[in-house]
Every structure is written in C-alpha cells, then in structure tokens.
Amino acid sequence: MITFDHVSLQYDAKHTALKDMSIHIDKGEFVFVVGPSGAGKSTFVKVLTHELVPESGTVVVNGINITKLKRSKIPYYRRTLGIVFQDFRLLSEKTVFDNIAFVLRVTGAKGREIKERVNRVLDLVGLRNKAKELPSKLSGGEQQRVAIARALVNQPILLIADEPTGNLDPVTSEEIMKLFNEINHMGTTIIMVTHNKDLVNAMHKRVINIEDGRIIADQEKGGYHLHV
Ligand SMILES: Nc1ncnc2c1ncn2[C@@H]1O[C@H](COP(=O)(O)OP(=O)(O)OP(=O)(O)O)[C@@H](O)[C@H]1O
C-alpha cells in the first residue's frame, strides 16, 4: 500500500528532515507516527500528500510511484487521499453540508449523488442533524467530525490525520479516536501523527517512532515511548 524506499529530504543546508527512511505499511493498517518536535513527522505526511518531493529514494502509494508523478496527475492522486488537520480547516461561510459537498462539486458530481454521499458520511460521523449549521455553531469535536466526513466523502484509500486531537479535550479526543477506529474497521488505511500519549497507549496499534529524520522504532501493538 505504502512503501518508502531509502527516502531522504533536505529543506536546506541546515535542515535534513528525512534521512534514508524505509518503511512499508499494508492496506488496512492503522499506524501512529510519533516523535519529538522537529523529528520529521509533518515532513513525512507532506511527502505522502505530494506537497514535498524527496531528493532521493522512492515512495509508492497504492501502486503509484509518487516521486515520479506528472504534474497533471497530482490532483487525481490527491483525491485518493483523505486528510484531517489539527485546526479542522472548514470554510466558515459554508454550512456543514456545503463544506463536505464542496469537494464533490469540484469533481463534477451531480446534485442527487452529492446529497446521497454527503448524507452517508454525515450519518457515519453522527452529524446529520447539523447539516444546515455553520461551523462556528459547532463544538470543536463536532467540527473535527465534519472535517473527517469531508475527508471520507471521496472514499479515500488512505486517511492521513496530522495531530487531529491537538485542539480537543481528552473526552472528545477519545470519541474522535473511536470514530477513526470504526473507519479503519470499515477498511480504510489510517496514518495518524500525534503527540497524544494516552490515546496511543490505549489503542494498541502499530507505532512508528521518528527521531531526527529516522525511524528509530516500529512496533506492532506499540506504545508511546520517546527517547529523551
Ligand atoms: N519549510 C522548512 N524549511 C526549513 N526547514 C524546515 C521546514 N519545515 C520543517 N523544517 C525542519 O525540518 C525538520 C522536521 O520538521 P517537521 O515539521 O517535519 O517536524 P515534526 O516532527 O512534524 O515537528 P512537530 O511535532 O513540532 O510538528 C525540523 O528540523 C524543522 O526545523
């Protein structure tokens, strides 16, 4: 599903963010990526989303070598991913429904199909009753659920979440994590960057530990252990 083969990425002479990184992640896995600040976690995500292209090595996602992706193919590649951020990134002037429908309209989907698909993901995240609200009327946890629904509406093969519980209280974070777990059980591969030690320890999933641009630990059913 995802293979990094000897991937290195340097921002400038002083900052090498990924150093000869090799890793394989199978379809259907749920993987936490942990590590101290500045370790290279966001850079790892940006390589996956093709915001950054490494100098050396190859990255293959779902059979596509994204280090060799033609510019014209990038939007199609991105549509196979769902991405969730710490700060939700919802459009404040659009309703919950339209925030999700927006990504379908861009791809030319028609009214009836849009309605069906948006309602399906709203049911999944438990927010059908909030479809007509603006994001500002929702709690942080609800806004993150909308962002997750938006990430799922194109039926991505891979869901990437960069610190998705960073702005949420512990109880809400736990609920959001349960939702990710359900999504994973339905077959979507999930890669989640997080500093949330308690959640990582509670979930017993694979944990990839990055430090100084390298993978220093990779454990099945692992816990959150940073080397200090
Ligand atoms: N645009 C940039 N230009 C130069 N160096 C950068 C840039 N972005 C990140 N870096 C450097 O690359 C390294 C990895 O950064 P990255 O953002 O991937 O870390 P991170 O593990 O996501 O950190 P955090 O947990 O704080 O978000 C750091 O040394 C950082 O200073």
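Let's start at Asp 5, which sits in strand β1; strands here are DSSP runs of E with at least two residues, helices are runs of H or I with at least four, and both are numbered from the N terminus. This is a predicted model, where local features need pLDDT of at least 70, side-chain atom pairs count only at pLDDT 80 or more, and totals for chains, interfaces and linings use all residues. Residues are numbered from 1 along each chain as its sequence is written.

How confident is the predictor? The protein chain averages a pLDDT of 94, and 99% of the residues score at least 70; pLDDT is the predictor's confidence in each residue, from 0 to 100. For the complex, the predictor gives an ipTM of 0.96 and a pTM of 0.93.

Back to Asp 5. Asp 5 counts as partly exposed because it has 16 C-beta neighbours inside 10 Å. On this scale, a residue with 20 or more other C-beta atoms within 10 Å of its own is buried, one with 12 or fewer is exposed, and anything in between is partly exposed, with C-beta atoms placed from the backbone. Leaving aside residues up to four places away in sequence, Asp 5 touches Ser 22, Gly 57 and Thr 58; contact means that the C-beta atoms, placed from the backbone, lie within 7 Å. For a sense of distance, Asp 5 and Ala 109 are 104 residues apart in sequence and 36 Å apart in space, C-alpha to C-alpha.

The next residue to look at is His 6, also found in strand β1. His 6 has a positive phi of about 50° although it is not a glycine. It is exposed, with 12 other C-beta atoms within 10 Å.

Now for the sheet around β1. Four strands form an open sheet in the order β2-β1-β4-β5, with antiparallel pairing. The edges are taken by β2 (16-25) and β5 (64-65), each with a single partner strand, so one side of each is left without a neighbour in the sheet. Inside the sheet, strand β1 (residues 2-10) runs antiparallel to strand β4 (residues 56-61), and five bridges join them. Two strands count as a pair if DSSP finds at least two bridges between them.

On to the ligand. Which residues are around it? They are Tyr 11, Asp 12, His 15, Ala 17, Gly 35, Ser 37, Gly 38, Ala 39, Gly 40, Lys 41, Ser 42 and Thr 43, where a residue is near a molecule if its C-beta atom, placed from the backbone, lies within 6 Å of it. By class, this shell has three nonpolar, seven polar and two charged residues. In that scheme Ala, Val, Leu, Ile, Met, Phe, Trp, Tyr, Cys and Pro are nonpolar, Asp, Glu, Lys and Arg are charged, and the others, Gly among them, are polar.

Helix α1 (residues 41-48) gives the most to the shell around the ligand, with three residues. The helix is mostly covered, as six of its eight residues are buried. The buried ones are Lys 41, Thr 43, Phe 44, Val 45, Val 47 and Leu 48. Just after α1 comes His 50, with a positive phi of about 65°. His 50 is found in the loop between α1 and β4, and it is partly exposed, with 18 other C-beta atoms within 10 Å.

Buried or exposed? Five of the five residues of β8 are buried, so the strand is largely enclosed by the rest of the structure. Thr 189, Ile 191 and Val 193 point one way from β8, while Ile 190 and Met 192 point the other way. Strand β3 (residues 30-34) pairs with β8 in the parallel sense over four bridges, and Val 31 stands opposite Ile 191 in β8. Strand β7 (residues 158-162) also runs parallel to β8, joined by five bridges, and Leu 158 has Thr 189 in β8 as its bridge partner.

Finally, there is Gly 223, in the segment after β10 (214-219). Gly 223 is partly exposed, with 15 other C-beta atoms within 10 Å.

How values were computed. Two residues are in contact if their C-beta atoms, placed from the backbone, lie within 7 Å.
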